[in-house]
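Subject: Structure for you to look at

Hello,

Here is the structure I said I would pass on. Please open it and keep it beside this message as you read.

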Amino acid sequence: MLPLVVIFALGTGTVNISIADIWQATRGLFSNDSSSSSFSSSSQIHTILFDIRLPRILLALCLGVILAISGAVMQGLFRNPLADPSLIGVSGGASVGASIVIVMAGEWIQSGSALGLSAVAVGAFVGGFIATILVYRLATSEVGTSVTTMLLAGIAIGAIAGALNSLLSYFADNDMLRQISLWQMGNLSTANWSRVAMVAAVAALLGGLFPWDSRALNALLLGESEARHLGIDVQRVKRRLIVLTALGIGTCVAMAGMIGFVGLIVPHAIRLLIGPDHRWLLPGSALAGGLLLIIADSLARVVVAPTELPTGILTALLGAPFFVALLIQRRREI
Amino acid sequence: MALMAENISLHISGFNLLRNVSMRVEPGTVTAIVGPNGAGKSSLLKVLTGEMTASTGHVSLNHQPLNSWALGQKAKMLAVLPQHTVLNFPFTANEVVALGRIPHQTGILKDELIVADALKAVDANYLQKRFYTQMSGGEKQRVQLARVLAQIWEPTQLGDQFLVLDEPTSAFDLSHQKLTLEIVRGLAEQGTGVVMVLHDLNLAARCADNLVVFDSGTIAAQGSPEEVLTEELIFQVFGVKSIIAKHPVTQKPLVIT
């Protein structure tokens, strides 16, 4: 299903490209055969496909994977099917970090960049990490990390972040205000190959490491002391999962702003479909998250063509009704 | 080898929850802990299973300090069933019981057999594919019991095995209470040491080799049910007047209030 969606997404856009053209361009890429790129428009198509759309699709895929798998992990860790990656404060912190950069740094934003990252992205990442460390510290005593305290600390830090954000918006001029709110809606239009490489590395790291803790997460659903009695080093598992999630979500928010609902709804929906066993839930969520974000982003590019909608709006618009449908179906079964 | 607590005291935020408690659980025996609410029974179980560390004194499992065992090894010898386990995720009974096999690397096929046997042992065979979230209180408790049974289903080379149960029969009807006691006795015959907190003195008298009576953080009496259960002790600990009779069939003490 994934390859089909990628091809569909390659073809969709302000300029429609047929599957035959995609095929030809792909062949041209691999064979350096001059005859296949003899069309007058083929270099243009090539640019659209491989420099604009493909990186964006891959970015959407990786971001969807990270958001959904982190959401699944957080829901397991907090033993709450309604938990979401933002609970650990990372999203709030990131949005403050981004707003600070937008408001303080002014025009420098457009010029300054490091490693293909804008200053806003760096600010978001730093803000997200600081918030997570704060939440984690608040919840950790000599006895261990309490997930309940962490939940409350996350809410508190989130509230502070919200207030700071409003404060910054209040002092921002019109231009900055628009930038802040656009950023908070989530947008993938800044995709390029270096960003894809970075996000793909993080996605691979998370996708490679999280499944090792599947059984630990299953045991944690029983409760922390029960998991300990089953021989699981709960404190270490918790620390590892939280650090990885903060890294993943921090990267996502830095690259694409706030894309809501994927981390909350995808794991929840997958759990309704295939059950709560993390050995299947994690890969299932990753795949579904990637698919959802590719579809949402493709639609975001075309529904109001020639301009674009922020992707975050689309994920919520697509995800929420699906979720409601699942709930209704579920209610009938019981 | 044994599960042993020596001179345990536990102070938490100014309260002395346990004072100088010593007890020894031998493999192949059943120890029942009884006592009024808030006497420290659950605290003792928490210290005994390593969930809390004693302020003074130490706990040892098979001649080694309890917390010197690696968590994974400890889990192969010591299974613990807490009083309440909250599980809000729709696992099936099979999946819940399979969690008990996490400490072992015996492969899926073998685990499936053990899971099925454990469920059969607690009369929950019919629950296999049912969702945990849709079960009654007694069914949930039986599934959890099956989970800890699966955890120590087979002997391990590391040492003797112990099962700690905190009020395992609280949600059970008469027939399942009896079944639980039979399971516990059966485990003891196979060499497992069982410790459990019980509220029903008569149930405790019927199945325990060693009866420990707890009162405000200390052990008021311990020994065989016949030695321990006296009218004076029950009045002193529970503040209730009673008559101790003999069970006409089992000859065990019977507390009538």
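This is a predicted model: local features need pLDDT of at least 70, side-chain atom pairs count only at pLDDT 80 or more; totals for chains, interfaces and linings use all residues.

Helices in chain A. The axes of helix α4 (residues 90-105) and helix α6 (residues 119-139) of chain A come within 6 Å and cross at roughly 140°. The two helices, α4(A) and α6(A), are therefore oblique to each other, and their crossing is right-handed. Residues of α4(A) that take part in the contact include Val90(A), Gly93(A), Val101(A) and Ala105(A). On the α6(A) side, Ala119(A), Phe125(A) and Ile130(A) are among them. Sorted by class, this contact has 15 nonpolar residues, 7 polar ones and no charged ones.

Strands in chain B. Strand β6 (residues 78-81) runs parallel to strand β7 (residues 162-166), and 4 bridges join them. Leu81(B) has Leu165(B) in β7(B) as its bridge partner. Side chains in a regular strand alternate between the two faces of the sheet. In β6(B), Leu78(B) and Val80(B) point one way, while Ala79(B) and Leu81(B) point the other way. Are these residues buried or exposed? All of them are buried.

Loops in chain B. Ser13(B) sits in the loop between β1 (3-12) and β2 (15-25). Ser13(B) has 5 other C-beta atoms within 10 Å, so it is exposed. Asp123(B) is in the loop between α4 (108-121) and α5 (137-151) of chain B. Asp123(B) counts as partly exposed because it has 16 C-beta neighbours inside 10 Å.

Regards

Conventions:
Residues are numbered from 1 along each chain as its sequence is written. Chains are lettered from A and ligands numbered from 1 in the order in which they are written. A residue is buried if 20 or more other C-beta atoms lie within 10 Å of its own, exposed if 12 or fewer, and partly exposed in between; C-beta atoms are placed from the backbone. Two strands pair if DSSP finds at least two bridges between them. Axes are lines fitted to C-alpha atoms, for helices over the stretch in contact, and angles run from 0 to 180 degrees between N-to-C directions. Angles under 35 degrees count as roughly parallel, over 145 as roughly antiparallel, 65 to 115 as roughly perpendicular and the rest as oblique. A crossing is left-handed if the near helix is turned anticlockwise from the far one by less than a right angle, and right-handed if clockwise. Two residues are in contact if their C-beta atoms, placed from the backbone, lie within 7 Å. Ala, Val, Leu, Ile, Met, Phe, Trp, Tyr, Cys and Pro count as nonpolar, Asp, Glu, Lys and Arg as charged, and the others, Gly among them, as polar.
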